[in-house]
Amino acid sequence: MPTVNSQADVLLDLKGLVDATEKDQEMLPSVTQERQALVQTIGEIETLKGRQSELTALRQEATQMLKAAVARGRLQAIQIRSVIRGKMGPKSERLVLFNVAPLRPRSRKRVVVKPPDGETAETMPGASASPSTKPVA
């Protein structure tokens, strides 16, 4: 007998066993009680499998509803934050309480002057020698 792994294969195997016992009239009287228990179990398996499919569909529906509610909540949060920004002003530091970044003055970037190619700060015209530099003889 081949090994059956999936639930569908097991169910087909059990149904095949019930059919086989029904066809063999010689064995039927000796396995009637066991056969009835197996028929009940098959019915339970089919009921539970149907319920599982129904719950899968309900889970998918609940997931879709949850995603829609989260998207709606995000939009509502944007609206509330916009109203708060409008009431307090865009520069108010109290906006931080509502997870809104206030407008702050921009810091100036430091201007870096790069010396021309081949010259360092010491060889640039007008550069003074530092006191720690020893003259070369």
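Guide: Happy to. Of the 137 residues of the chain, 9% count as buried, where buried means under 20% relative accessible area, exposed over 50% and partly exposed in between, with a 1.4 Å probe and protein chains only. Please keep in mind that this is a predicted model, in which local features need pLDDT of at least 70 and side-chain atom pairs count only at pLDDT 80 or more, while totals for chains, interfaces and linings use all residues. Residues are numbered from 1 along each chain as its sequence is written, and side-chain values use heavy atoms, leaving out hydrogens and water.

The chain has two helices and zero strands; these are DSSP runs numbered from the N terminus, with helices being H or I of at least four residues and strands E of at least two.

Now to the core. The largest nonpolar core consists of five residues, L11, L14, V18, L38 and I42. Such a core is a set of buried Ala, Val, Leu, Ile, Met, Phe, Trp, Tyr and Cys residues joined through side-chain atoms within 4.5 Å. Both α1 (7-23) and α2 (32-88) supply at least two residues of this core, and the largest share, three residues, comes from α1.

Setting aside residues up to four places away in sequence, V18 touches R35, L38, V39 and I42, a contact being heavy atoms within 4.5 Å.

T21 also lies in helix α1. Its relative accessibility is 19%, so T21 counts as buried. Beyond its neighbours within four places in sequence, T21 is in contact with L28, V31 and R35.

A pocket here is an open set of points on a 1 Å grid over the protein atoms alone, where a 1.4 Å probe fits, with protein on both sides within 12 Å along at least five of seven lines; lining residues have an atom within 4 Å of a point. Q7, A8, V10, L11, I45, L48 and K49 form the lining, and α1 and α2 are the elements giving two or more residues to it. Four of these residues, the largest share, come from α1. L11 belongs to this lining and to the core.
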